[in-house]
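Trainee: I would like to learn how to read a few local features in a protein model. Please take them one at a time.

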Amino acid sequence: MTYQIPRGTADLLPDDSPAWQALEQHLKDFCYLYDFREIRTPIFEHTNVFKRENDSSDMVNKEMYTFTLPGSKTSLTIRPEGTAGVVRSFVENKLYASPDLPAKLYYLGPMARHERPQKGRLRIFNQFGVESLGAKSPYADAEVMVLAYSILKSLGLSDIRILLNTLGDDESRSAYRQALKDYFAPYVQDLCGDCKRRYEQNPLRILDCKVDHDLDCMKHAPKMSDYLNEESRTYFRTVCEILDRLEIPYDVEEDLVRGLDYYTHTVFEIVSVNREMGAQSTVLAGGRYDNLIPYFGGPEGMSGIGWALGLERLLIALQAEGISLQEAAGVDCYVMVLDEQARLFAFEVLTALRAAGYQADMDFQGRGFKGQFKAADRAHAKHVLIIGTREFEQQAVTVKNVAAQTQETVQAGALIEYLDGQEAAGEHGHHHEGHEEGCQCEACRGE
Ligand code: ATP
Ligand code: MG
């Protein structure tokens, strides 16, 4: 019997977790700047949270992990996306009643979709997303887009493009929908099976089809922009004007309709145009939804906007541009125990180091000098602390400063003070960032 991870899923192993943690911290720091606060919702919801009436999307119709436990009638679905659960919670907890709207929320966590696994396409993947709920203003649209663009830029990505479009309000959308139905009526039999379904449920999504993309009838299909009413046109123009003013570059793509059915007005994607990205080039995607909050029982006319990015795809995009997020840093101290009698004393020293804020580790395998020294080296220890018979008898520690190549035996009671002193001196020499000549901080004065 062997055990293997399910297809399309991945373990995050400790060598890779520093990059993930750095990325997640970066995303959270940006949300803090923009005053977006975290929300956590369950990883499964009642199926009807995701499977809404008349939804034509592949995600809802083909990709959901839905289950019912034996003896239960309740159908549950592991979340395939974040927005529906967040809106469900926003309504259920009456966050819409706050005097301060929009509610600006972010979430981070795994999503599940039963897709064909490929590079950048998994069955369990991680999304980071934001939602701005309860204020319909082009400035709210611009705010989430500026946040998205700033995050990606600040990570160092340069090969990125914002694709932008509007689907208009309900009136414009249904006029356009009718125009598409009339237009595609003679071609329905030539379209793929999915598009035959889309023709009935949501003809806009025919334009998004990867299978029928090159058919002649696609090229001459009516354009959304010809069916926008005055209000929708003005709304979109204002969003564009704000982005222009902030010098955020974007391309209006009239074919961009997005994979989920709930969008109205603004829709956008950020794609990586780096060659190595292959087919999965969309890193981030989102849009406005006028009908979702009322659908879940919230106030009529209340609208929201949000986006989500795939962390795995973002990491691929960063790698494609040669950007690495976090070098493996070394531990501050590695404690070597060279006499088994001294183990308890060494463990006490180790605990004291950690209590004083030094990242520290020691040997747990009872290895000899050579084995432990190599372990300290692999841990990139800044200080190697040696405890042998002599040190044990004197309740002392021999501290080897790896970079400075110095070595000194220090009483255990004075160890922390000694290390603090070394730290202050060492820091000043090279990377005491932000400290200029004449700086009056403790470390600089002590020079
Ligand atoms: P695609 O067209 O690539 O299937 P989508 O329209 O289904 O994407 P969204 O639901 O908008 O994607 O999700 C937003 C982001 O989440 C995507 O841009 C992508 O970065 C990421 N994402 C979506 N599905 C997956 C997946 N199966 N594996 C990894 N990341 C994904
Ligand atoms: Mg998809």
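**Backbone and sheet**

Mentor: Lys-94 is exposed, at 53% relative accessible area (buried is under 20%, exposed over 50%, partly exposed in between, with a 1.4 Å probe and protein chains only). This is a predicted model, in which local features need pLDDT of at least 70, side-chain atom pairs count only at pLDDT 80 or more, and totals for chains, interfaces and linings use all residues. Residues are numbered from 1 along each chain as its sequence is written, chains are lettered from A and ligands numbered from 1 in the order in which they are written, and side-chain values use heavy atoms, without hydrogens and water.

Trainee: What is the phi of Lys-94?

Mentor: Most residues other than glycine have a negative phi. Lys-94 is not a glycine, yet its phi is positive, about 55°. Lys-94 sits in the loop between α4 (83-92) and β5 (103-112). Helices (H or I, at least four residues) and strands (E, at least two) are DSSP runs, numbered from the N terminus.

Trainee: Which residue has a phi near 50°?

Mentor: His-380 does, again a positive value in a residue other than glycine. His-380 belongs to the loop between α13 and β14, and it counts as exposed because its relative accessibility is 51%.

Trainee: Where is a cis peptide bond?

Mentor: Most peptide bonds are trans. Here a cis bond joins Leu-101 and Pro-102, with omega about 5°. Pro-102 lies in the loop between α4 and β5.

Trainee: In what order do the strands of the open sheet run?

Mentor: Strands of a sheet pair through backbone hydrogen bonds, either parallel or antiparallel. The order of the 5 strands is β13-β12-β14-β15-β16, with mixed pairing (two strands pair if DSSP finds at least two bridges between them). At the edges, β13 (360-362) and β16 (406-411) each pair on one side only. From one strand to the next, the twist averages 25° (axes are lines fitted to C-alpha atoms, for helices over the stretch in contact, and angles run from 0 to 180 degrees between N-to-C directions).

Trainee: How many bridges join β12 to β14?

Mentor: There are 5, and the two strands run parallel. One of the partners in β14 is Val-384, bridged to Tyr-334.

Trainee: Which strands does α13 touch?

Mentor: Contact means heavy atoms within 4.5 Å. Helix α13 (residues 369-378) packs on the sheet and touches β12, β14 and β15, its direction making about 175° with that of β12.
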